[in-house]
Amino acid sequence: RFIEMNRKTHDVFQLPHDEGPSDLNPWDVSPPFQPDGQSSEVLARERIDDARRSGQVTFRWWHKRLRSGEAFPAQVSLSVIGNDRQNLLLAVVHDLGELERARAALTELNADLERRVEARTADVEHANQRLALANEELEIFAASASHDLRSPLSTVSGMAGLLKMELDEGRRDTFGLR
């Protein structure tokens, strides 16, 4: 049984104000079964025996708040205090509920971020495909324009060459130039 409990522990377990800690066993502030399906009472007795044998033991445990019945994860450290005749253990309980909620929120935020990254990646890939298609169309247009302009430019170039030759030979009058 519990002998003493500080105010914070009293609040964490939501003990009724008229109930003292000496009215409770460790399994009274635990759900009947731990998540692995084992009896909280049987496991609590085993952990207490382990602490008495080794002097200290730390483990993860599920407790419950008495008023609300809410189960919450905790880290429990049991340490032998005094001499063996007193047979006393100091139990330090750290409520991990807020930490677990924060981890769950972080996991959800990471999943949301992954979904957003996948969506953005798909958008970028789609934009890259559209850009590649536009580049292909531009190359086709440039090849077509180049081909279409080649013949007229060849004619202009040829005529310019003839004009130069005529001018070099002094036949300005052939073209009506004076």
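Student: Is Gln14 buried or exposed?
Tutor: Gln14 counts as buried, because its relative accessibility is 18% (buried is under 20% relative accessible area, exposed over 50%, partly exposed in between, with a 1.4 Å probe and protein chains only). Bear in mind that this is a predicted model, where local features need pLDDT of at least 70, side-chain atom pairs count only at pLDDT 80 or more, and totals for chains, interfaces and linings use all residues. Residues are numbered from 1 along each chain as its sequence is written, and side-chain values use heavy atoms, leaving out hydrogens and water.

Student: Where does Gln14 lie?
Tutor: Gln14 sits in the loop between helix 1 and helix 2 (helices are DSSP runs of H or I, at least four residues, and strands are runs of E, at least two, numbered from the N terminus). Its phi is near 55°, a positive value in a residue other than glycine. Most residues other than glycine have a negative phi.

Student: On to helix 2: which of its residues are buried?
Tutor: Ser40, Leu43, Ala44, Ile48 and Ala51. They cover an arc of only 140° around the axis, so they are on the same side of helix 2 (the arc is that of the directions from the helix axis to the C-beta atoms).

Student: And what do they pack against?
Tutor: Strand 1 (56–64), strand 2 (71–81) and strand 3 (88–95), where contact means heavy atoms within 4.5 Å.

Student: What comes just after helix 2?
Tutor: Gly55, with a positive phi of about 95°.
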